[in-house]
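Please read it alongside the sequence and the coordinates.

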Amino acid sequence: MSASWPKVRLGDHVDLLSGFAFKSKQFTDDQDDIPLVKGANVHQGYIDWEKAVRWPKDEFSQYEKYHLKANDVVLAMDRPWIEAGLKFSWIKPNDPDSMLVQRVSRLRGINGLSSRYLRYVIGSPQFTNYIKPIVTGVNVPHISGGQIKDYKFNLPPELLQDQIADIIEPYDNLIENNNRRIAILEEMAQSLYREWFVKFRFPDHENVKFKDSPLGQIPEEWEVKKLKEFGEVITGKTPSKKKAEYYESRDVHFIKTPDMHKDVYVIDTGEMLSFAGADSQKKKLLPANSISVSCIGTAGVVAINAEPAQTNQQINSIVLAEDSELEFLYFALLDLKQTIINHGSTGATMTNLSKGKFEDLDVIYPKNNYVSQFNSDVKSMFDEILVLLKKNKNLKKQRDMLLPKLISGKINLKD
């Protein structure tokens, strides 16, 4: 069927706009202001609104050209492709009003190309395979608007575009719904953690006395523990890239910082090791339910590995001595992000926290069974999060198998 679809240049069928150079001195963190979509906020199929910087809302109307609308496709132009995938997403109907920042492109379908279908053109393996070899720049790999426009693809009739979008869109909607449920569950668990262990409003807290500690005032019977007291700390390592057999099969997850963003659990990784690669450094193998923390570069990202895994050298992981401390320590490590950044600052541009310094970080540790009580209360939430993540993995796999067949015309929609 695709043989009858004309081969077209993307630039003839999209309105492409690069974002504006908003001045950082006017950025705000007021949640009522307008979020700005930067490359750092664009991920594989979603935009991280929580970490977006903002612009005064009373100036929103002055930048109408850079307003983003529902179904707009956004593509990072700096580091557009990472091992986790292409950094692109689209604006959903319920997304907040937002504006586009420089080095991010906004694409809208024109001249017979539906914006709904456009997102699947950009999300296709063919577009990724086109982008990867033409990315230029050593320090900051990037693509230009001209390179994006030069991509060629077969354009089906608009009726078929809508039919393809109607088939694929439910997968995206289910994934989005699951992500919302995951976010709610994590927020509920984290709120309980902060209530008990940050604000100290735990059960029967009214008559508790406080004492001084290295971390300030804490309940009298509580203590401050070092991270190394929770279990064995393992710093990851990358097996030799010169040995192809270490990477020739996808047997063991190999976790890097981009694999840890957003989700509580790592259930998939951009790169995997063969059994031979994992066996080359057996002491680096993490059992399931270890907690990994990025300590070099983008520091303070925390995740739990759902299956046995290894990590690269930018990550320190804790193999817990007590499984019952998993949920408590996960949130404690999230709260240590700024501490990790501060302790890892060396005057250079990149944070680098050594294993020794990581092991010696302090954590407030409650007594009187509050940890086991907390974990008992939130374990079902973590279990449901893991189930939803696995469902999303399967949905993405099905979608990504179906999409190339649809946009290439291998599946006859008339049938």
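Q44 is placed in the loop between β3 and β4 (54-55), where helices (H or I, at least four residues) and strands (E, at least two) are DSSP runs numbered from the N terminus. This is a predicted model, in which local features need pLDDT of at least 70 and side-chain atom pairs count only at pLDDT 80 or more, while totals for chains, interfaces and linings use all residues. Residues are numbered from 1 along each chain as its sequence is written, and side-chain values use heavy atoms, with hydrogens and water left out.

**Single residues**

With a relative accessibility of 29%, Q44 counts as partly exposed; buried means under 20% relative accessible area, exposed over 50%, and partly exposed in between, with a 1.4 Å probe and protein chains only. Between the C-alpha atoms of Q44 and K211, which are 167 residues apart along the chain, the separation is 47 Å. L36, by comparison, lies in strand β3 (residues 34-37) and is buried, its relative accessible area being 0%. Leaving aside residues up to four places away in sequence, L36 touches F22, F27, N41, A52, V53, R54, W55, M99 and V101, contact meaning heavy atoms within 4.5 Å.

H13 sits in the loop between β1 (7-9) and β2 (14-18) and counts as buried at 12% relative accessibility. Among the residues that H13 touches, not counting those up to four places away in sequence, are R108, G109, I110 and L155. I167 belongs to helix α4 and is partly exposed at 32%. The contacts of I167, with residues up to four places away in sequence again not counted, are L402, L406 and L413.

| Pair | Separation in sequence | C-alpha to C-alpha distance |
|---|---|---|
| L36 and A276 | 240 residues | 45 Å |
| I167 and L413 | 246 residues | 10.0 Å |
| Q44 and K211 | 167 residues | 47 Å |

**Sheets**

Strands of a sheet pair through backbone hydrogen bonds, either parallel or antiparallel. Five bridges join β15 to β23 in the antiparallel sense, and E232 has V319 of β23 as its bridge partner.

Another open sheet is formed by three strands in the order β18-β16-β22, and its pairing is also mixed. The edge strands here are β18 (271-273) and β22 (309-311), each of which pairs on one side only. From one strand to the next, the twist averages 35°. Strand β16 (residues 252-255) runs antiparallel to β18, to which it is joined by three bridges, and V252 has L273 of β18 as its bridge partner.

**Helix packing**

The axes of helix α4 (residues 158-197) and helix α7 (residues 326-334) come within 10 Å and cross at roughly 80°; axes are lines fitted to C-alpha atoms, for helices over the stretch in contact, and angles run from 0 to 180 degrees between N-to-C directions. The two helices, α4 and α7, are therefore roughly perpendicular to each other, a term that covers angles of 65 to 115 degrees. On the α4 side the contact is made by E186, A189, Q190, Y193 and F197, and on the α7 side by F328, Y330, F331, A332 and L334. Eight of the nine residues of α7 are buried, so this helix is largely enclosed by the rest of the structure.

**Nonpolar cores**

A nonpolar core is a set of buried Ala, Val, Leu, Ile, Met, Phe, Trp, Tyr and Cys residues joined through side-chain atoms within 4.5 Å. The largest such core has 50 residues, of which L227, Y265, L333 and F358 touch the most other members. Elements that give two or more residues to this core include α4, β23 (315-320), α7 and α10 (370-407), and the largest share, ten residues, comes from α10. Not counting residues up to four places away in sequence, L227 touches I318, L329, L333, L336, F358, E359, L361 and V363. A second, separate core of 34 residues includes F127, I131, I175 and L395.

Notes:
Pairing = 2+ DSSP bridges. Parallel < 35°, antiparallel > 145°, perpendicular 65-115°, else oblique.
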